[in-house]
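Here is a short report on the side-chain links of a protein chain. Look at the sequence and the 3D structure first, then read on.

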Amino acid sequence: MALVLNSDAFVDGDPIPRQFTCEGEDISPPLSWDNLPAGTESLVLIVDDPDAPDPAAPRMVWDHWVLYNLPATTPGLPEGVASADLPAGTGEGINSWGRTGYGGPCPPIGRHRYFHRLYALDTCLPSELGNPGKDDLLLAMDEHILAHAELVGTYEKPA
């Protein structure tokens, strides 16, 4: 069976509720996963928006949340999880705001897609990574990915 990533807040392809955006409480949505492959030692979660700043003319990928070394025994993350409440050993990367932690959808124009990607790794990444950016994290996890799953939500600010 394939690795699966879900949320009780939205289904794949549907809008992300306002409370999880900059116009709401700006808290992380609840996430859960299932069917980790044998040999999974840790998980990586990356949430990004490839439609920035304008879906009609995207110029960059905006990183919203970067987590690594989530224990393989973790079944998911609750709604609004704070950095202090992440599972022991979880590392946080730097998002596009230049800080750690979750930053919700806040598109300047149009309907954007928000990719929630979960990776099952065959290792725990070195703690020397500190607070890596997404690109450094992707390099560190290269050749250690056993499986990945994706959940996409959309958001557009009301007119």
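## The disulfide

C106 is partly exposed, with a relative accessible area of 32%. (Buried means under 20% relative accessible area, exposed over 50%, and partly exposed in between, with a 1.4 Å probe and protein chains only.) C22 is partly exposed too, at 31%. A disulfide joins C22 to C106, with 2.2 Å from S to S. The term covers a pair of cysteine sulfur atoms within 2.5 Å. The link of C22 and C106 is right-handed, with 75° about the S-S bond.

C22 lies in the loop between β1 (4–6) and β2 (31–34), and C106 in the loop between β6 and β7, so the pair ties together parts that are 84 residues apart in sequence. Strands here are DSSP runs of E with at least two residues; helices are runs of H or I with at least four; both are numbered from the N terminus. A search of the whole structure finds one disulfide. Another cysteine, C124, counts as partly exposed at 45% relative accessibility.

## How the model is read

This is a predicted model: local features need pLDDT of at least 70, side-chain atom pairs count only at pLDDT 80 or more, and totals for chains, interfaces and linings use all residues. Residues are numbered from 1 along each chain as its sequence is written, and side-chain values use heavy atoms, with hydrogens and water left out.

## Salt bridges around D48

The whole structure holds six salt bridges. Each is a side-chain nitrogen of Lys or Arg within 4 Å of a carboxyl oxygen of Asp or Glu. Which residues form a network of salt bridges? They are D48, D63, R117, K134 and E150.

R117 pairs with D48, their closest N and O atoms 2.9 Å apart. R117 lies in strand β7 (residues 112–121) and D48 in strand β3 (residues 42–52), so this pair ties together parts 69 residues apart in sequence. K134 also meets D48 in a salt bridge, at 2.8 Å from N to O. K134 sits in helix α1 (residues 134–141) and D48 in strand β3, so the parts tied together are 86 residues apart in sequence. D48 is buried at 4% relative accessibility. R117 is buried at 19%, and K134 is buried at 11%.

## A partly exposed pair

E156 forms a salt bridge with R111, the closest N and O atoms being 3.5 Å apart. E156 lies in the segment after β8 (145–155) and R111 in the loop between β6 (91–92) and β7, so the pair ties together parts 45 residues apart in sequence. E156 is partly exposed, at 36%. R111 is partly exposed, at 41%.
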